[in-house]
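Please read this report with the model open beside it.

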Amino acid sequence: MNKIKKAAANMLLDYIISDDPLAKLPKIFDIAEKLDRGNLHTAQIDGVRKALLDRNSNWYTFVKKLYDEVDKKCIQKFVECFMFNAHLTGFERTCEIEEKYDCNVPWAILMDPTSACNLHCTGCWAAQYGNKNNLSYEMLDSICRQGKELGIYFYIFSGGEPLVRKKDIIRLCSEHQDCYFFAFTNGTLVDDELCEEMLRVANFALAFSIEGDEEATDIRRGKGTYRKVIEAMERMRKHRLVFGYSTCYHRYNTDSVGSDEFVDDMIARGCRFSWNFTYMPVGKDAHTDLIATPEQRAYMYKRIHEIRDTKPIFAMDFWNDGEYADGCIAGGKRYLHINAAGDVEPCAFIHYSNVNIHDVSLLDALRSPLFMAYRRRQPFNSNMLRPCPLLDNPEMLSAMVKESGAKSTDMEAPEDVDVLCGKTAPAAKAWAEVADRLWAENPKSRKAVSL
């Protein structure tokens with residue numbers, strides 16, 4: 001970052017963490033535009049400006065609550081690491097690397113510090129693995145260092161239960177203060193000591209896994225789990241930390257996770273964001289009966305838009321937001337996954353790989369056969385509401401795995417790709433009819449990519 005740009009960034013940060021940042025919004029957006037060299041983020045800046053300058057909007061309420069309820073140090077680190085480094089400086093660097101090496105370079109890396117988990121949730125492949133694999137602290141650190149060379153400043157932890165390794169995660173956050181870290185967690189290992197450490201490093205946020213109301217959560221995650229999640233949220237809120245929730249909507253809980261009662265309760269408990277995933281039948285004990293119906297998926301598509309328009313929470317839908325990301329974001333297009341054994345996979349739900357991070361560099365992994373197969377085919381469908389190569393276009397995943405010679409990375413029972421794709425083919429066919437109708441009604445469909 002050159003001196004002029006750095007000075008502008010520091011001025012913007014001063015405004016954001018000032019005593020009355022909402023009054024300085026017009027100046028904040030003016031500086032943001034100047035920092036956006038090459039006009040790479042014009043649409044995003046304009047959209048946020050429109051939302052936040054309206055004092056009656058839910059987004060104005062969102063920001064006001066954020067400043068009233070979250071420690072300023074956490075806000076400052078989020079802006080520095082997530083907005084400046086990951087979005088501005090980092091994005092420019094990843095574009096340069098992509099052009100130089102003709103490969104995808106992700107905005108975020110998802111990695112599993114451990115395969116261990118203290119819960120055994122129905123339909124979760126991690127429940128089968130136990131404490132079989134762990135990425136050493138040295139490897140986690142190396143991934144971050146290599147990532148920053150490529151312009152990547154956002155790192156996400158999954159598992160297993162990542163907080164089994166919470167001391168190493170905090171150490172990593174402390175070592176890489178220019179990066180932002182995030183973990184999906186079942187919440188059962190959150191204590192005051194962790195909260196104090198999170199406030200100290202300030203560049204670490206949590207998403208609590210929850211399945212809707214108490215009954216829906218405990219049915220899948222075990223009796224008493226819901227109460228433990230709520231207790232963890234209360235503890236995080238007391239320490240003025242950033243957190244949100246993550247749901248896996250399926251055939252039996254979609255009404256619960258999409259309800260006003262549930263969403264409003266999560267907001268009242270201090271959640272700033274939500275990640276919404278649909279169930280994927282991955283692993284030897286996968287329950288295909290949990291796959292959401294086309295009507296449920298369509299409901300969640302519309303429901304997430306309603307939540308964004310009316311409630312002070314940032315809601316994301318991993319599949320149904322394909323329209324904003326031009327389809328599937330995996331394979332290094334926006335993110336990749338490194339499991340606890342070190343296998344570099346295109347996605348957390350695609351357990352196939354050609355390479356292991358213990359043997360190759362991160363850049364070499366991005367240029368491996370399966371990742372390059374992703375790059376050549378993305379997007380996998382001209383309908384951005386059918387983005388996934390497994391859930392929506394299983395023939396695509398089968399072709400890529402066979403073409404690349406990728407091997408199953410399932411730690412318990414390696415799965416033939418045709419067997420896996422056979423589980424999702426009926427759901428893909430059923431969803432196609434509904435998704436095509438929704439897409440035809442969507443203005444974004446006019447900009448659909450021709451395959």
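## Backbone, core and ring pairs

Arg 240 is partly exposed, its relative accessible area being 32%. Like everything described here, this value comes from a predicted model. Arg 240 sits in the loop between α11 (225–238) and β5, and its phi is near 60 degrees, a positive value in a residue that is not glycine. Asp 102 also has a positive phi without being a glycine, with a value of about 50 degrees. Its place is in the loop between α5 and β1, where Asp 102 is partly exposed at a relative accessible area of 47%.

One joins Gly 159 and Gly 160, with omega at about 20 degrees, and Gly 160 is found in the loop between β2 and α8 (166–175). The other runs from Gln 378 to Pro 379, with omega near -5 degrees, and Pro 379 lies in the loop between α17 and α18.

Helix α18 itself covers residues 394–404, and its buried residues are Pro 394, Leu 397, Ser 398, Met 400, Val 401 and Ser 404. Viewed down the axis of α18, these buried residues fall within an arc of 165 degrees, and they therefore line one face of the helix. Glu 395 and Lys 402, on the other side of α18, are exposed. The cover over the buried residues of α18 includes β10 (352–353), α17 (369–377) and α19 (417–440). After α18 comes Gly 405, whose phi is positive, near 70 degrees.

Met 111 belongs to strand β1 (residues 108–111) and counts as buried, at 0% relative accessibility. Setting aside residues up to four places away in sequence, Met 111 touches, among others, Leu 135, Leu 140, Ile 143 and Cys 144, and also the run of Tyr 155, Ile 156, Phe 157 and Ser 158. Leu 172 and Ile 338 are likewise in contact with Met 111. Between Met 111 and Val 344 there are 233 residues of separation in sequence, whereas the C-alpha to C-alpha distance is 9.0 Å.

Phe 157, one of the residues that Met 111 touches, also takes part in an aromatic pair, and the structure holds 28 such pairs. Two of them are set out below.

| Aromatic pair | Geometry | Centre to centre | Angle between planes |
|---|---|---|---|
| Phe 157 and Phe 204 | edge-to-face | 6.4 Å | 85 degrees |
| Phe 208 and Phe 243 | edge-to-face | 5.9 Å | 75 degrees |

Because Phe 157 lies in strand β2 (residues 154–157) and Phe 204 in strand β4 (residues 204–209), their pair ties together parts that are 47 residues apart in sequence. Phe 157 is buried, with a relative accessible area of 0%, and Phe 204 is buried as well, with a value of 2%. Phe 208 counts as buried at 0% relative accessibility, and Phe 243 does so at 1%.

A ring is involved in another way at Tyr 137, where Arg 171 lies over the face of the ring, at 3.7 Å from its centre.

For the chain as a whole, the protein contains 19 helices and 11 strands, and 60% of its 451 residues count as buried. Of the contacts between residues at least 6 apart in sequence, 73% join residues at least 24 apart. The protein exposes about 18800 Å², of which carbon and sulfur atoms supply 52%.

Definitions and conventions: Residues numbered from 1 in each chain as written. Predicted model: local features only at pLDDT ≥ 70, side-chain atom pairs only at ≥ 80, totals over all residues. Heavy atoms only, no water. Helix = DSSP H or I, 4+ residues; strand = E, 2+ residues; numbered from the N terminus. Buried < 20%, exposed > 50% of the residue type's maximum accessible area, 1.4 Å probe, protein only. Contact = heavy atoms within 4.5 Å. Areas by Shrake-Rupley, 256 points an atom, 1.4 Å probe, with all protein chains shown as cover. Phe/Tyr/Trp six-rings, centres within 6.5 Å; stacked < 30°, edge-to-face > 60°. Lys NZ or Arg CZ within 6 Å of the ring centre and 35° of its normal. Arc of directions from axis to C-beta.
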